[in-house]
Amino acid sequence: MTIAVHLKGVSVAYALAGGGKYEAVRPVDLSVRDGEFVALLGPTGCGKSTLLNIAAGLMPPSSGTCDIFGERLSGLCGKAGYLFQQDALMPWKTAEDNVAIGLEVGGMRRAEALERARAMLAKVGLAAFGERYPHQLSGGQKKRVALAQVLVREPKILLMDEPFGPLDAQTRLIMSELLLDLWQQDRKAVMFVTHDLDEAIALSDRVVVMSAGPSSRFIGEFAVDLPRPRDIAEVRSEPAFHRLHSDIWSCLRDEVRKTYGLSDKGAA
Amino acid sequence: MTPISRPKLLALQILVAVAVFLVWHVVTTWSIVADVKTMRFFFSTPIDVFGRVFSMFMEGSVYRHLWITLVETILAFVIGASLGIVIGFWFARKPIVAAVFDPYVKMMNALPRVVLAPIFALWFGLGIWSKVWLGVTLVFFIVFFNVYQGVREVPQVVLANARMLGMNERQLLRHVYWPAALAWVFSSLHTSVGFAVVGAVVGEYLGSAAGLGYLIHQAEGVFDVTGVFAGMVILMGFVMLIDGIVTLVEKPLLVWKPGETRTV
């Protein structure tokens with residue numbers, strides 16, 4: 001099996017304003033196989049998103065290296081598509097232009113790019129919304145456009161930073177279902193960052209748990225052997241789901257408490 | 001605010017104008033506030049003023065002045081806006097340049113532009129160019145600050161996303177920075193066009209041989225109050241017309257901006 005993303009001894013430290021440095025992430029190793037869906041789970045502020053940004057090439061690691069399909073990453077990762085947590089669409093472009101632009105800047109003719117963009121928007125259930133501007137769409141619809149924007153470029157790797165975090169509970173379920181549906185069709189490597197335990201288990205093949213920051217590290221790894229294709233709503237009632245849930249939670253619980261314990265002290 | 005139908009709104013707006021003219025007419029016809037002769041000397045009368053405006057358009061003497069002011073306004077706007085966009089972009093993309101020039105930009109902007117009028121007349125002569133450059137100094141700063149702000153305030157996540165979609169620097173400029181900056185330019189279009197008119201008229205007022213500002217100045221010189229008011233009325237109409245054109249131009253350009261959503 002080919003390794004899609006390989007983080008080797010990656011650590012992250014920031015220079016502090018008063019001198020010295022803040023160690024956000026201790027050296028970690030992580031590999032995501034081609035076609036594997038890995039969820040990166042941890043309490044808020046543990047540096048999950050930072051690892052994602054390193055894999056995307058948006059920021060360099062303080063130490064260690066990142067290999068994408070065996071090639072050392074320097075600069076932006078052209079093989080990866082990144083779905084951001086926040087709204088990242090260009091507000092001055094219509095939905096279909098937002099999707100098409102990723103193809104156009106790669107040199108595709110506009111007519112063809114638009115055609116593909118429309119097809120991809122239809123896939124995410126927005127066939128009738130191509131000419132709308134982002135402000136005319138709901139939060140869930142904007143997420144769909146963002147998903148189409150990423151998928152239309154056919155990236156080999158999907159990097160997702162709590163993409164459904166800002167959505168309401170029902171919309172999250174629908175979006176997770178849509179994501180699994182689309183992923184099932186061509187099984188790309190996925191790094192999915194979340195703080196939602198249910199979401200992590202329901203979506204992924206493997207859950208990697210991170211400790212609370214600072215100096216985060218990996219504290220657990222759980223294979224999710226639930227059968228695919230999965231039904232997001234039904235998978236939660238399976239006994240295997242509950243077993244995994246309590247195993248991962250017992251690993252995560254102390255870390256979450258630590259986060260709040262630390263912030264309590266910080267406030268006092 | 002409770003919504004109000006268009007015809008009703010228009011009727012109320014006209015009512016305000018009628019009321020103003022009525023008061024103006026009454027106090028210059030009967031000696032209520034002061035002696036009619038005194039009142040007419042200071043305020044003329046609405047009938048005289050509109051009669052003068054009418055005759056100015058009829059005999060055609062005003063068109064040349066309107067044309068001159070219009071040309072000055074357009075030139076001031078185009079030159080000022082272009083400079084503002086180019087330099088605004090440059091400063092926003094090169095923080096060192098912005099830091100070096102920051103105090104000078106502030107100083108120049110703090111200077112009341114009226115004091116430049118005589119020196120511009122000296123440099124550029126009494127023709128249209130001294131007025132154009134006066135307008136440019138006004139328009140430039142508005143557009144410059146807006147472009148600077150617009151380029152710097154592009155959300156980081158939109159930029160990161162655009163980069164991940166494969167955009168190079170040139171494409172970022174075209175698809176991200178440029179539209180972001182333009183949005184700010186358009187949102188200040190009414191102000192900057194208004195200032196282009198101000199530059200032109202103030203310049204004319206302080207020294208010229210043509211234009212609406214010149215007309216008003218001439219009338220003032222001979223205590224022709226009717227002429228002054230007539231000039232002001234024409235100037236107001238001129239500004240309203242330009243503002244209307246701006247509204248027409250900006251509408252299709254800002255469709256992507258969230259506006260008020262109304263239920264039906």
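**Figure 1. What covers the buried residues of helix H6 of chain B.** Helix H7 and helix H10 (189-206) of chain B are among the elements that cover the buried residues of H6(B). The view, like those that follow, is taken from a predicted model. Helix H6 spans residues 116-124 of chain B, and its buried residues are Leu116(B), Ala117(B), Phe120(B) and Ala121(B). Seen down the axis of H6(B), these buried residues fall within an arc of 140 degrees, so they line one face of the helix. Pro118(B), Ile119(B), Leu122(B) and Trp123(B), on the other side of H6(B), are exposed. Just after the helix comes Gly125(B), with a positive phi of about 85 degrees.

**Figure 2. The largest nonpolar core.** This core holds 128 residues. Which residues touch the most other members? They are Leu40(A), Ala55(A), Leu159(A), Met191(A), Phe192(A) and Val139(B). Helix H7 of chain B (residues 128-152) gives the most to the core, namely 15 residues. In soluble globular proteins, nonpolar side chains tend to be buried together.

**Figure 3. The surroundings of Phe192(A).** Phe192(A) is one of the core residues that touch the most other members. Leaving aside residues up to four places away in sequence, Phe192(A) touches Phe37(A), Val38(A), Ala39(A) and Leu40(A), and also Met160(A), Leu203(A) and Ser204(A).

**Figure 4. The contact between the two domains of chain A.** Domain 1 of chain A is made of two stretches, 3-79 and 161-267, while domain 2 covers 87-154. The contact takes 8 residues from domain 1 of chain A and 6 residues from domain 2 of chain A. On the domain 1 side there are 7 nonpolar residues, 1 polar residue and no charged residues. The C-alpha centres of the two domains lie 26 Å apart.

**Figure 5. Where chain A meets chain B.** Here 20 residues of chain A are in contact with 17 residues of chain B. Strand E6 (80-83) and helix H2 (95-104) of chain A each supply at least two residues of the chain A side. By class, that side has 12 nonpolar, 7 polar and 1 charged residues.

**Figure 6. Chain A as a setting for the close-ups.** Chain A has 8 helices and 10 strands. Of its 268 residues, 43% count as buried. A compact globule with 268 residues would have a radius of gyration near 18 Å, and the 19 Å of chain A agrees with this. Along the principal axes, the C-alpha atoms of chain A fill a box of roughly 55 × 45 × 45 Å.

Conventions:
Residues numbered from 1 in each chain as written. Chains lettered and ligands numbered in written order. Predicted model: local features only at pLDDT ≥ 70, side-chain atom pairs only at ≥ 80, totals over all residues. Core = buried A, V, L, I, M, F, W, Y, C linked by C-beta atoms within 7 Å. Buried ≥ 20, exposed ≤ 12 C-beta atoms within 10 Å, placed from the backbone. Helix = DSSP H or I, 4+ residues; strand = E, 2+ residues; numbered from the N terminus. Contact = placed C-beta atoms within 7 Å. Domains from an automatic or database assignment. Nonpolar A, V, L, I, M, F, W, Y, C, P; charged D, E, K, R; others polar. Arc of directions from axis to C-beta. Rg over C-alpha atoms; globule rule 2.2 N^0.38 Å.
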